[in-house]
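The sequence and the model come first.

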Amino acid sequence: MRALISDKFIIVVVAIVLVATFAVGMGVVIPKVLANIYPVPEQPFVFPHQTHADVAALDCQFCHRNADQTNAATVPAVEQCVFCHKIITGGDGTITAQVRDAWDTGQPITWARVHRLPDTVRFWHEPHIRVLSDLMSAEQGRDIIPSEVCATCHGDVASVKQVEQVRTLKMADCVECHRAKNAPTDCSTCHY
Amino acid sequence: MVRASERDSKWSMVVDIDRCSGCQACVIACHAENNIKLPDEEMYETGRTQNWIRIDRYWEGEFPDVKARFLPVFCQHCGNAPCEPVCPVYATYHSLDGLNIQVYNRCVGTRFCANNDPYNVRFFNWWEPIWPDIMRNYLNPDVTVRSKGIMEKCTMCVHRIRRAERTADRDGREINDGELMPACAQACPTGSLVFGDLNDDNSKVSHMVEDERAYRLLESLGTGPNVVYLKKVDPEYKGEAVKHHG
């Protein structure tokens with residue numbers, strides 16, 4: 001008696017399904033890898049940038065205090081969160097309770113880094129913010145505050161709940177902009 | 001190539017041999033500042049230690065009239081550097097502010113530069129750097145940790161130069177003479193190492209290079225070193241000294 005569906009047919013179907021899945025998967029993964037954009041890392045708890053930057057309308061450097069001062073923008077210490085959240089309770093209060101717990105127990109919040117450059121690159125926030133705000137002010141004929149400049153590389157942080165990398169941040173990306181704006185292209189500007 | 005800073009600087013170092021006591025504080029400071037690998041016994045045996053700055057010691061005279069002579073040697077940042085044209089990938093080049101730059105991420109480790117370097121100041125990374133666990137957090141975040149297979153050398157603390165330039169740009173002022181110095185010069189207890197801008201006529205180094213004691217290491221090779229040495233002053237000196245290295 002012959003089987004209704006032959007073994008050969010099943011093997012062919014399974015093979016086609018596998019190949020198709022693989023192809024679609026690669027189609028999604030490869031462009032991201034080429035663009036140097038990696039999955040958003042999992043944070044210890046959700047930090048709603050939207051609430052802080054859009055609803056509360058805080059400047060970026062209210063928390064990232066050193067962005068317009070020196071190289072690292074710096075992620076704030078728990079102390080700075082508690083500065084507001086000692087009193088202000090956001091949402092249903094579960095997240096702010098975690099912040100207060102961290103403050104009471106003296107444990108830092110282990111934020112995962114979203115934007116990571118290779119170890120051989122020394123990126124400075126301050127000159128970028130200074131020069132870009134000057135250029136944008138001249139272009140638009142009005143005063144530009146540092147927070148408006150950040151979106152150039154970090155995207156519109158105020159409109160997203162979870163920040164993710166939006167630019168490739170590869171060397172070609174940097175150099176293209178540096179050439180266009182007549183910024184330093186000496187290797188030792190960034191690599192040392 | 002647009003230079004890293006709008007300033008027209010030519011960074012240089014003057015080494016006053018008369019002041020050097022051979023204490024090695026500069027060597028220690030350099031190791032700490034630049035994340036230089038800690039040497040072990042095997043590295044010494046194979047001659048593969050890394051010291052971006054070293055103190056060469058010479059004995060002068062016969063016992064009991066023996067004098068120790070010290071000579072701090074580091075990358076001379078030559079104006080006509082022999083190491084630069086031999087690099088097949090342009091990993092080492094001369095920046096417009098007078099520094100011989102080593103770009104770690106370009107280097108492919110041919111070691112041609114070290115072969116062509118008359119001062120023995122370039123070092124190859126034969127091993128991945130390993131630090132004792134307790135020292136992991138002591139690494140300087142401003143300086144790249146060099147991995148296995150690439151060349152490294154004295155950068156004249158270019159990270160400090162860039163930091164000083166950017167801080168001065170932010171505050172809208174000039175860099176003051178003496179405000180900026182590499183780790184070795186900062187650690188030198190006798191002030192033997194002096195760092196500054198040769199293009200600034202009022203800087204300390206500009207005056208020192210005009211001293212009659214000034215000379216450059218292996219000047220006859222035509223490398224045009226950017227580092228200037230000031231001769232030892234010795235009233236008892238009689239004629240050519242017999243020098244034994246080591």
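Between chain B and chain A of this predicted model, 11 residue pairs are in polar contact, both residues of each at pLDDT 80 or more. A polar contact is a pair of N or O atoms within 3.5 Å; within protein, one must be able to donate a hydrogen and the other to accept it, and residues adjacent in sequence count only if both atoms are side-chain atoms. Helix α4 (residues 158-171) of chain B gives the most to the side of chain B that touches chain A, with 7 residues; helices are DSSP runs of H or I, at least four residues, numbered from the N terminus.

Within chain A, the domain assignment, automatic or from a database, gives domain 1 (32-40 + 48-74 + 117-190) and domain 2 (76-110). Their centres, taken over C-alpha atoms, are 26 Å apart. A:Phe62, A:Cys63 and A:Arg65 supply 65% of the area that domain 1 of chain A buries against domain 2 of chain A, more than any other three residues.

| Interface | Buried area | Share on carbon and sulfur atoms |
|---|---|---|
| chain B and chain A | about 1,900 Å² | 53% |
| domain 1 and domain 2 of chain A | about 400 Å² | 59% |

Buried area is the accessible area (1.4 Å probe) that two parts lose on being put together, summed over both.

Residues are numbered from 1 along each chain as its sequence is written, and chains are lettered from A in the order in which they are written. Local features need pLDDT of at least 70, side-chain atom pairs count only at pLDDT 80 or more, totals for chains, interfaces and linings use all residues, and side-chain values use heavy atoms, without hydrogens and water.

Notes:
Helix = DSSP H or I, 4+ residues; strand = E, 2+ residues; numbered from the N terminus.
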